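I opened the model today and kept notes as I went. The entries follow in the order of looking.

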Amino acid sequence: MAEDDRETRALLKRLYDAAVRAALPEHCLPPHLPVPPVPGEGRLVIFAIGKAAAAMAAAAEDWYDANYPGTHVEGLALTRYGHARPTRHVEVLEGGHPIPDAAGEAASKRLLRMAEWTGPEDLALVLLSGGGSALTVQPMPGLTLADEIFLTRALLASGKPIGDINAVRKHISRIKGGRLAAMLHPARSVTLAISDVAGDNPTTIASGPTVPDTTSKARVMAVLDSLSPPIPAELREKIAALPETPKPGNEIFSHAQYQLVASGSASLGAAATLAREAGYEPVALGDALEGEARSLADAHAARALKARAEGRCVAIISGGEAAVTMGDVEPGKGGPNQEYALALAIALDGTDGIWALAADTDGIDGGSGASDDPAGAIVTPDTLKRAMERGLDPQAMLGRHDSGTFFGELGDLVKTGPSYTNVNDFRVILVGRPDPARPDSPPENP
């Protein structure tokens, strides 16, 4: 491997690490934690939900033990398999993601019971992060876990935007869509959230369990009716008969506060600062990009090729949530970021001087859902050349959604393990190399 390639790969990984670091609970959560009840006059009850749940609960415990010793702290953290962290006061349970499972259902039942026992003298601290929508599994009366699993699979395979997917999830849940707030009322609640969704909409993060729902059942039915193949008629009738979710103005939200503590924009900003220090001109495309992974890759490749033709040295940085529509193809290995990377490599067609990394900030990019799945992949100018030497067909592997196998054969998967946070996708394309003669450029061999 050439020295310039090795250095650029290392820089790509440092940019990713900077983005993740900005969203770690121990950094972003403490400044926003509320004052707890006076000892003996109420409990601090923590409800942590999502991929960062255990890490957020641990960070909160540390802060309260250090600053308010004697506070009665208890609670439950529901997180994805492999994302548990040691805690002292809060019990940590794990469940399935992105497909719900029986463990998630059992943990969610306990979470609801804990909410029922929370009194008006207590403070409910709700810690939310990405993944909470799949992890909280308590279907509305008349629906079953099997129904929720079926709907989740159908929605994820459809390539629908997360807003549409979560609209359905909220209406079929006893926790999501503001219904946890209904269980907590009249206790005071403070929700602190790490956003993993485009636009940082509180109603979408973990499907908004403590905020008014602004989606309608009419939208839910429209989403369901657009699925192909259609859902069973009996299931459709059950969902059509469900009540609406709690809406703005409902009294149950009168004692509920909400605060965003980390988002994709802050993480992209951290990466942009590092890129500038390395001699690249940051080009920020925003943290709210959604759409098919292949379409995003084609659009970003066009920007990179234009910048290369103009002789610019830029870091094209973006976030959001890419999607993959499976169709009738039996998928291979991979996830949205790996698919983006493969489509990007094909679109760049071996153009010299362009490198890229696409990875999920939670450390796991789709795939089987296991904690050792790749976070994403790296693209280099010789990606296609090396693939040809190994007898790999990039177009065919993209067609069957087998990007994980492709990059695995090349040794270009990004493997980090769980990061214990989640602000969704991180993508960076480095075009050109900094001029060593520039005053703000780093030394050639730092």
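I took helices (H or I, at least four residues) and strands (E, at least two) as DSSP runs, numbered from the N terminus. For a helix, I set the expected span at 1.5 Å times one less than its number of residues. The model is predicted: local features need pLDDT of at least 70, side-chain atom pairs count only at pLDDT 80 or more, and totals for chains, interfaces and linings use all residues. Residues are numbered from 1 along each chain as its sequence is written, and side-chain values use heavy atoms, with hydrogens and water left out.

I looked up α1 at residues 3-21 and found 19 residues. From first C-alpha to last, α1 reaches 27 Å, close to the 27 Å expected at 1.5 Å a residue.

I then listed its buried residues, where buried means under 20% relative accessible area, exposed over 50%, and partly exposed in between (1.4 Å probe, protein chains only). In α1 the buried residues are Asp5, Thr8, Arg9, Leu11, Leu12, Leu15, Tyr16, Ala18, Ala19 and Val20. For contact I used heavy atoms within 4.5 Å. The cover over these buried residues includes α11 (264-277), β10 (354-360), β11 (376-379), α14 (383-389) and β13 (425-431).

**Tyr16.** Leaving out residues up to four places away in sequence, Tyr16 touches Leu357, Ala359, Asp360, Thr361, Gly363, Ala375, Thr416 and Phe426. I also checked Tyr16 against Leu268: they are 252 residues apart in sequence, and their C-alpha atoms are 9.0 Å apart in space.

**Asp362.** Where does Asp362 sit? I found Asp362 in the loop between β10 and β11. Asp362 is buried, with a relative accessible area of 0%. A polar atom of its side chain lies 2.7 Å from the backbone nitrogen of Ile364. With residues up to four places away in sequence not counted, Asp362 touches Lys51, Arg80, His83, Gly417, Pro418, Ser419, Thr421 and Asn422.

**Cores.** By nonpolar core I mean a set of buried Ala, Val, Leu, Ile, Met, Phe, Trp, Tyr and Cys residues joined through side-chain atoms within 4.5 Å. The largest one has 36 residues, of which Ile316, Tyr340, Leu344, Phe406, Phe407, Ile429 and Val431 touch the most other members. Helix α13 (residues 336-348) gives this core its largest share, eight residues. A second, separate core has 26 residues, among them Cys28, Ala52, Ala53 and Tyr64. I noted the general background that in soluble globular proteins nonpolar side chains tend to be buried together.

For Ile429, I left aside neighbours within four places in sequence and listed contacts with His300, Ala304, Val314, Ala315, Ile316, Tyr340, Leu344, Ile354, Trp355 and Ala356.

**Cysteines.** How many disulfides does the structure hold? I counted zero, taking a disulfide as a pair of cysteine sulfur atoms within 2.5 Å. Cys28 is buried at a relative accessible area of 7%, and Cys313 counts as buried at 14%.

**Backbone.** I logged a cis peptide bond between His97 and Pro98, with omega about 5 degrees. Pro98 has its place in the loop between β3 (90-95) and α4 (102-116). Another cis peptide bond joins Ser228 and Pro229, with omega about 0 degrees. Pro229 lies in the loop between α9 (217-225) and α10 (233-240).

I also logged His401, not a glycine, with a positive phi of about 55 degrees. His401 is in the loop between α15 (394-399) and α16 (403-410) and counts as buried at 7% relative accessibility. Asn424, not a glycine either, has a positive phi of about 70 degrees. Asn424 is in the loop between β12 (413-414) and β13, and is buried at a relative accessible area of 4%.

**Whole chain.** I counted 16 helices and 13 strands in the protein chain. The radius of gyration is 23 Å, close to the 22 Å that the globule rule gives for 446 residues, so the chain is as compact as a globular protein of that length. That radius is taken over C-alpha atoms, and the rule is 2.2 Å times the number of residues to the power 0.38. Along its principal axes the C-alpha trace spans about 65 × 55 × 35 Å. Buried residues make up 56% of the 446. Of the contacts with a separation of 6 or more, 83% are between residues 24 or more positions apart.

Terms used: A polar contact is a pair of N or O atoms within 3.5 Å; within protein, one must be able to donate a hydrogen and the other to accept it, and residues adjacent in sequence count only if both atoms are side-chain atoms.
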